[in-house]
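Colleague: I am new to this one. Please take me through its features one at a time, with the general idea before each case.

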Amino acid sequence: MGFLVLGVVLLILKWAAIGPVAQWSWTWVLAPFALAALWWWWADWSGYTKRRAMRRDEARKAARLEKARASLRPPKPRP
């Protein structure tokens, strides 16, 4: 996501001819988009994306289980 944001910012700066980015080659301006594509390819290829999704699902399941267990406990008596 960071590469995409950087790419959009550089693209806008190049298009609007603002600052030193206006003098840069288009290769440098578009490089963050290529890096983002490479990152997504690697994340899918290595299983990183799937592992993150599985961790998120496990955490969600554990929270749901803890909430269900807490609702089954008897309420604490008032002093």
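**Reading the features**

Modeller: Start with two residues of helix α3 (residues 48-72): D57 and R60 are both in that helix, 3 residues apart, about one turn of it. Helices here are DSSP runs of H or I with at least four residues, strands are runs of E with at least two, and both are numbered from the N terminus. The model is predicted, so local features need pLDDT of at least 70 and side-chain atom pairs count only at pLDDT 80 or more, while totals for chains, interfaces and linings use all residues. Residues are numbered from 1 along each chain as its sequence is written, and side-chain values use heavy atoms, with hydrogens and water left out.

Colleague: How many salt bridges does the structure hold?

Modeller: Side chains of opposite charge can pair when their charged atoms come close. The term means a side-chain nitrogen of Lys or Arg within 4 Å of a carboxyl oxygen of Asp or Glu. The structure has 3 salt bridges. One joins D57 and R60, at 3.8 Å from N to O. Another links K61 to E58, with the closest N and O atoms 3.8 Å apart; K61 and E58 are both in helix α3, 3 residues apart, about one turn of the helix. R73 and E66 also meet in a salt bridge, at 3.2 Å from N to O.

Colleague: At what angle do the axes of α2 and α3 cross?

Modeller: Two packed helices are described by the angle between their axes and the distance between the axes. An axis is a line fitted to C-alpha atoms, for helices over the stretch in contact, and angles run from 0 to 180 degrees between N-to-C directions. The axes of α2 and α3 cross at roughly 65° and come within 4 Å. The two helices are therefore roughly perpendicular; under 35 degrees counts as roughly parallel, over 145 as roughly antiparallel, 65 to 115 as roughly perpendicular and the rest as oblique.

Colleague: Which residues make the contact?

Modeller: Contact means heavy atoms within 4.5 Å. From α2 the residues are W39, W42, A43, D44 and S46, and from α3 they are Y48, T49 and R51.

Colleague: How many aromatic pairs does the structure hold?

Modeller: Rings of Phe, Tyr and Trp (its six-membered ring) pair if their centres lie within 6.5 Å; planes under 30 degrees apart count as stacked, over 60 as edge-to-face and the rest as tilted. The structure holds 4 such pairs. In one of them, W39 and W42 have ring centres 5.3 Å apart and planes at 35°, so the pair is tilted. W39 and W42 are 3 residues apart in helix α2, so about one helical turn separates them. The rings of W39 and Y48 have centres 5.7 Å apart and planes at 70°, so this pair is edge-to-face. W39, W42 and Y48 form one aromatic cluster. Y48 is partly exposed at 26%.

Colleague: Where is A17?

Modeller: A17 is in the loop between α1 (2-15) and α2 (26-46). A17 has a positive phi of about 55°, although it is not a glycine. A17 is exposed, at 54% relative accessible area.

Terms used. Buried < 20%, exposed > 50% of the residue type's maximum accessible area, 1.4 Å probe, protein only.
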